[in-house]
Amino acid sequence: INVTLYWHATQAPTKDYTVFVHIVNSTGKLIAQKDNPPVQGTRPTSTWEKGEYIEDNYSIELTQRVPPGKYDINVGMYDPTTGRRLEAYLDKVRCTNDAVRISSIVLEANKK
């Protein structure tokens with residue numbers, strides 16, 4: 001699963017954060033994930049300038065057998081030293097688990 005995120009720095013971050021991209025099932029169980037600093041570590045958040053846009057690509061492999069169904073793609077950031085997530089809001093409402101659902105995907109059974 002390929003995901004492209006576009007970050008907009010509304011202010012210059014003072015710390016480095018790690019991005020998470022999680023694929024979860026309907027009960028919220030984590031199916032697959034990719035966590036790393038933005039742009040494969042080449043653009044730490046502490047280097048972002050106010051007003052800047054950053055393109056950040058992720059490729060997530062489904063390494064386990066995943067049953068057909070609908071899955072959500074959730075993203076956010078956390079402090080890698082504490083594991084604490086940054087607060088995440090959508091339309092001024094705080095997101096559950098500080099993760100923004102950016103999309104859903106449907107996996108279908110292989111019809112060989």
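Q: Which residues does N36 touch, not counting residues up to four places away in sequence?
A: N36 touches T18, V19, G41 and Y58, where contact means heavy atoms within 4.5 Å. The model is predicted, so local features need pLDDT of at least 70 and side-chain atom pairs pLDDT 80 or more, while totals for chains, interfaces and linings use all residues. Residues are numbered from 1 along each chain as its sequence is written, and side-chain values use heavy atoms, without hydrogens and water.

Q: Why does N36 count as buried?
A: Its relative accessibility is 11%, and buried means under 20% relative accessible area, exposed over 50% and partly exposed in between (1.4 Å probe, protein chains only). N36 therefore counts as buried.

Q: What makes L30 partly exposed?
A: L30 has a relative accessible area of 36%, so L30 is called partly exposed.

Q: Where do L30 and N36 lie?
A: L30 is in strand 3, and N36 lies in that strand too, which covers residues 30–36. A strand is a DSSP run of E with at least two residues, numbered from the N terminus.

Q: What does L30 contact, leaving aside its neighbours within four places in sequence?
A: L30 is in contact with H22, I23 and V24. The C-alpha atoms of L30 and S103, 73 residues apart along the chain, are separated by 15 Å.

Q: Which residues touch the most other members of the largest nonpolar core?
A: Of its 24 residues, these are L5, W7, V19, V21 and I23. A nonpolar core is a set of buried Ala, Val, Leu, Ile, Met, Phe, Trp, Tyr and Cys residues joined through side-chain atoms within 4.5 Å. Strand 5 gives the most to this core, with 4 residues.
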